[in-house]
Amino acid sequence: MLQRKMRIIHPGEILREEVIRANELTVTKAAALLGVTRTTLSNIINGKADISPEMCYRIAKVFGGTADIWANLQTKYNLRIIADKVSTLQLTPYHPEARA
């Protein structure tokens, strides 16, 4: 069976496209609304930094929705990124020895 691998999308890209661009905001204006520096927001929307729990709450307060949505997007992204790396590690599952 052929598996298609979908591109893993950083939640910052979703923030950039679905929130900032959709509302015709500049990065500078969006950063001001969120109370962060332009550099901080730029790092997030360009996939160079994670969306922190605090930022999840800021996004929810300013643009609506819930912090959980953004936290879940970030967690799922992180898990997908690390899954391939962990699969190549030679780890041995732990099996406790039977006690007499």
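Helices (H or I, at least four residues) and strands (E, at least two) are DSSP runs, numbered from the N terminus. This is a predicted model, in which local features need pLDDT of at least 70 and side-chain atom pairs count only at pLDDT 80 or more, while totals for chains, interfaces and linings use all residues. Residues are numbered from 1 along each chain as its sequence is written, and side-chain values use heavy atoms, with hydrogens and water left out.

View 1. The title refers to α1 (11–21), α2 (27–34), α3 (38–45), α4 (53–63) and α5 (67–88), each of which supplies at least two residues of the largest nonpolar core. A nonpolar core here is a set of buried Ala, Val, Leu, Ile, Met, Phe, Trp, Tyr and Cys residues joined through side-chain atoms within 4.5 Å. Buried means under 20% relative accessible area, exposed means over 50%, and partly exposed lies in between (1.4 Å probe, protein chains only). The largest core has 17 residues, and L15, L41, I51, M55, I59 and W70 have the most contacts inside it. Which helix gives the most to this core? That is α2, with 4 residues. As background, nonpolar side chains tend to be buried together in soluble globular proteins.

**View 2. L41 and its partners from elsewhere in the sequence.** Contact means heavy atoms within 4.5 Å. With neighbours within four places in sequence set aside, L41 is in contact with L15, I20, V27, A30, A31, L34 and V36. L41 is also one of the residues with the most contacts inside the largest nonpolar core.

View 3. In α3, the buried residues are L41, S42, I44 and I45.

View 1. In α3, the buried residues are L41, S42, I44 and I45. Just after α3 comes G47, with a positive phi of about 75°.

View 2. Is S42 buried or exposed? S42, which sits in helix α3, is buried, with a relative accessible area of 18%. Its C-alpha atom is separated by 8.9 Å from that of G12, 30 residues apart along the chain. N43 is also found in helix α3, and at 29% relative accessibility N43 counts as partly exposed. Leaving aside neighbours within four places in sequence, N43 is in contact with K48 and A49. N43 and Y94 are 51 residues apart in sequence and 39 Å apart in space, C-alpha to C-alpha.

**View 3. Helix α4 and the glycine that follows.** M55, C56, I59 and A60 are the buried residues of α4. They cover an arc of only 140° around the axis, which puts them on the same side of α4. On the face turned away from this buried side, you will find the exposed residues Y57 and K61. What covers the buried residues of α4 includes α1, α2, α3 and α5. After α4 comes G64, whose phi is positive, near 95°.

**View 4. E24 in the loop between α1 and α2.** E24 lies in the loop between these two helices. Its phi is near 55°, a positive value in a residue other than glycine. At 75% relative accessibility, E24 counts as exposed.

View 5. On a 1 Å grid over the protein atoms alone, a pocket is an open set of points where a 1.4 Å probe fits, with protein on both sides within 12 Å along at least five of seven lines; lining residues have an atom within 4 Å of a point. The largest pocket has a volume of about 150 Å³, a volume being the space filled by probe spheres set on the points, which are joined across faces, edges and corners. Its lining is made up of M6, R7, I8, I9, H10, P11, I14, L73, K76, Y77 and R80. The elements giving two or more residues to this lining are α1 and α5, and α5 gives the most, with 4 residues. By class, the lining has 7 nonpolar, 1 polar and 3 charged residues; Ala, Val, Leu, Ile, Met, Phe, Trp, Tyr, Cys and Pro count as nonpolar, Asp, Glu, Lys and Arg as charged, and the others, Gly among them, as polar.

Terms used: Arc of directions from axis to C-beta.
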